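Please view the sequence and the structure below before reading on.

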Amino acid sequence: MERKGKTRRMDRLFIRAFLVVFVGAVGVGMYWQMQEYRALQREAAELEQQIAQEQERALDFEAQKEYYNSDSYIEQIAREKLGLVKSNEILYINRGE
């Protein structure tokens with residue numbers, strides 16, 4: 001009889017110890033998973049911000065491309081860099097400058 005009681009106590013002690021270790025392991029695992037999840041959320045937010053910045057940059061480049069292909073820009077460059085004038089204009093050159 002005494003041996004049965006001792007065996008039952010050992011079984012209960014073993015089960016309790018197992019449960020404590022199991023719950024602790026699950027808790028630690030959940031903690032690390034939560035840390036990883038938060039890190040991935042931060043990384044995703046940073047990537048979303050970078051995507052938004054790059055999309056804005058792409059829009060700026062598209063606007064520049066349209067401006068550089070416009071007639072007014074081409075005319076401005078032709079006047080400033082090449083010294084060209086329209087057929088009905090008179091070009092005055094100030095040699096003092």
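## Overall form

The radius of gyration used here is taken over C-alpha atoms, and the globule rule is 2.2 Å times the number of residues to the power 0.38. The model under discussion is a predicted one. For the protein chain the radius of gyration is 39 Å, whereas a compact globule of 97 residues would have a value near 13 Å. Along the principal axes, the C-alpha atoms of the protein chain fill a box of roughly 125 × 25 × 10 Å.

The secondary structure of the protein chain consists of two helices and zero strands. Helix H1 comprises residues 2-68.

## Surface and burial

Of the 97 residues in the protein chain, 2% count as buried. The accessible surface of the protein chain amounts to about 9,800 Å², and carbon and sulfur atoms account for 58% of that surface.

## Nonpolar patch

A nonpolar patch on the surface is formed by Phe14, Ile15, Phe18, Leu19, Phe22, Val23, Val26 and Met30, which together have about 840 Å² of accessible area. Leucine 19 is located in helix H1. With a relative accessible area of 44%, leucine 19 is partly exposed.

## Charge

The protein chain carries 15 positive and 16 negative side chains, and the centres of these two sets are 25 Å apart.

Lys4, Lys6, Arg8, Arg9, Arg12 and Arg16 gather on the surface in a patch of positive charge. Arginine 9 is placed in helix H1. The relative accessible area of arginine 9 is 60%, so this residue counts as exposed, the cut-off being over 50%.

Conventions. Residues are numbered from 1 along each chain as its sequence is written. This is a predicted model: local features need pLDDT of at least 70, side-chain atom pairs count only at pLDDT 80 or more; totals for chains, interfaces and linings use all residues. Side-chain values use heavy atoms; hydrogens and water are left out. Helices (H or I, at least four residues) and strands (E, at least two) are DSSP runs, numbered from the N terminus. Buried means under 20% relative accessible area, exposed over 50%, partly exposed in between (1.4 Å probe, protein chains only). Accessible areas come from the Shrake-Rupley method with a 1.4 Å probe; for residues, only the protein chains shown count as cover. Lys and Arg count as positive and Asp and Glu as negative; His and the chain ends are not counted. The place of a charge is taken as NZ of Lys, CZ of Arg, CG of Asp or CD of Glu. Patches are made of residues with over 30% relative accessible area and no salt bridge: like charges are joined within 9 Å, nonpolar side chains (Val, Leu, Ile, Met, Phe, Trp, Tyr) within 5 Å. A salt bridge is a side-chain nitrogen of Lys or Arg within 4 Å of a carboxyl oxygen of Asp or Glu.
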